[in-house]
Amino acid sequence: MDINKDLWELSRIVFSYPAIDNHAHAFLREEHKDAYPLEGLISEAQGGPLLRDSVHTLACYRATTQLAKLFGLGPNADWEAVKAHRSSIPYEQLCKICMEPTNIQCILIDDGLGGADKDKMYDYKWHDNVAYSPTKRIVRVETVAEELLKRGMDKQIADSNVTPSDLFKVFVREFNTFLKTSAADPEVVGFKSIACYRTGLDVTTSQDPSAIERAIMTMLLVYVAKHDLRLADKPINDFIVNMTMRIAGECRKPVQFHTGLGDNDITLNLSSPSHLQPLIKAYPNTKIVLLHSSYPYTQEAGYLTAVYENVFLDFGEVFPFVSPDGQREILRQVLELAPTNKIMWSTDGHFWPESYYLGTLQARQALFEVLESSIRKWELTLPQAIGIVKRAFFENANRIYNLGLEPRVQQ
């Protein structure tokens with residue numbers, strides 16, 4: 001056995017095999033390409049911590065070096081130089097520079113990000129321009145629920161007939177119809193919940209009609225006063241998740257859950273996927289995808305993936321938000337227990353094409369280094385390692401989301 005030859009072959013596969021990005025968001029439109037601080041590439045922080053502190057992280061230092069190399073800048077280019085240079089590149093060319101090296105074949109886009117600024121982002125189908133296979137949608141259910149509830153509230157207010165029980169009945173009917181229609185749409189390959197951001201992952205599987213009605217009344221009062229709605233009442237949020245889980249299971253569509261890493265809107269101790277255990281048991285026929293490596297609760301996620309047939313683990317977003325050593329450790333934790341036919345990769349790319357580039361490059365680097373170490377220790381054979389790579393980057397997502405794709409392998 002020539003270990004150097006094996007490692008060269010592993011490197012070739014890791015850095016060239018086509019990838020399905022199983023969780024991402026839309027690019028900013030060209031006219032809005034500078035709408036958000038570029039520091040969002042390397043941190044989930046906001047405000048002062050984002051602009052002042054994130055640039056002093058190992059994640060930023062590494063991203064600076066990698067983007068400077070991509071843009072052909074000198075080795076001493078700093079973060080400000082990278083930002084200045086990328087602003088001088090025509091947007092179409094910037095997208096091409098960043099996306100061509102990724103070898104992303106297909107992107108599954110959660111197009112519910114953005115809120116009031118959603119018009120600053122491209123439609124999901126635009127992303128067919130930057131991948132080889134057609135882009136597919138992931139439907140964010142809380143965004144849809146908010147839109148339906150707003151519409152119902154506006155109608156009741158206009159009719160001077162504000163009745164929480166009637167509002168809820170109409171909402172249930174319309175949300176049920178929407179979920180089933182979406183599940184039947186070939187463009188939609190799954191659903192996503194951001195309950196983690198709103199009320200936490202400790203989702204109850206039992207429903208209390210009186211608590212739901214009280215929550216609806218509270219939401220109505222707030223909406224009348226502020227004419228704004230944000231789902232942050234646990235009875236309603238839990239109801240939406242349960243309804244989604246039931247219909248998704250019936251229609252054989254996966255449900256993604258934001259877990260772990262997020263901005264300061266998250267209650268960290270409620271972002272552990274371990275809180276989802278009752279929900280996992282209650283809906284054994286519904287596939288659940290735990291997003292973002294569940295960091296810093298990766299081991300909990302690996303455990304759930306190992307012992308429940310319907311649970312899968314995405315190792316994304318930690319590229320490029322976490323340091324290189326941290327990324328390798330997270331991947332090792334993913335592989336501690338999780339079956340390698342149940343792990344998937346994503347960029348969590350959003351707004352900037354650079355987020356896709358860094359998310360791809362760093363994930364490939366980390367996976368190669370972890371598998372290389374195992375081969376050197378005689379813990380893995382080359383065929384086993386290559387199998388892990390192909391499953392993690394392409395085959396698992398292709399199967400779980402029923403995409404029916406053939407890998408576009410570069411010659």
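This is a predicted model: local features need pLDDT of at least 70, side-chain atom pairs count only at pLDDT 80 or more; totals for chains, interfaces and linings use all residues.

Colleague: What is the volume of the largest pocket?

Modeller: The largest pocket holds about 1100 Å³ of space. It is lined by 36 residues, and those closest to its centre are Leu-113, Gly-114, Arg-140, Asp-263 and Phe-351.

Colleague: Which elements give two or more residues to that lining?

Modeller: They are helix H6, which spans 141–158, and helix H8, which spans 195–198. The largest share comes from H6, with four residues.

Colleague: And how does the lining of the largest pocket divide by class?

Modeller: There are 13 charged, 12 polar and 11 nonpolar residues in the lining of the largest pocket.

Colleague: Moving on, what is the volume of the second largest pocket, please?

Modeller: The volume of the second largest pocket is about 430 Å³. Of its 23 lining residues, Arg-252, Lys-287, Ile-400, Tyr-401 and Asn-402 are the closest to the centre.

Colleague: You mentioned Tyr-401. What does Tyr-401 touch, leaving aside residues up to four places away in sequence?

Modeller: Tyr-401 touches Asn-22, Leu-108, Ile-138, Val-189, Pro-254, Gln-256, Val-289 and Met-344. Tyr-401 also belongs to the largest nonpolar core, which has 132 residues.

Colleague: Which members of that core touch the most other members?

Modeller: Tyr-401 is one of them, together with Leu-10, Leu-67, Ile-107, Phe-171, Phe-175 and Phe-257.

Colleague: A change of topic, then: how many cavities of 30 Å³ or more does the structure hold?

Modeller: The structure holds one such cavity. The largest cavity has a volume of about 50 Å³.

Colleague: Which residues line the largest cavity?

Modeller: The lining consists of Leu-41, Glu-317, Phe-319, Pro-320, Phe-321, Thr-347, Asp-348, Gly-349, His-350 and Ser-355. By class, they divide into four nonpolar, four polar and two charged residues.

Colleague: Finally, which helix gives the most to the lining of the largest cavity?

Modeller: That is helix H13, residues 318–321, which contributes three residues to the cavity lining.

Conventions. Residues are numbered from 1 along each chain as its sequence is written. Side-chain values use heavy atoms; hydrogens and water are left out. On a 1 Å grid over the protein atoms alone, a cavity is a set of points where a 1.4 Å probe fits but cannot get out, and a pocket is an open set with protein on both sides within 12 Å along at least five of seven lines; lining residues have an atom within 4 Å of a point. Grid points are joined across faces, edges and corners, and a volume is the space filled by probe spheres set on the points. Ala, Val, Leu, Ile, Met, Phe, Trp, Tyr, Cys and Pro count as nonpolar, Asp, Glu, Lys and Arg as charged, and the others, Gly among them, as polar. A nonpolar core is a set of buried Ala, Val, Leu, Ile, Met, Phe, Trp, Tyr and Cys residues joined through side-chain atoms within 4.5 Å. Buried means under 20% relative accessible area, exposed over 50%, partly exposed in between (1.4 Å probe, protein chains only). Contact means heavy atoms within 4.5 Å.
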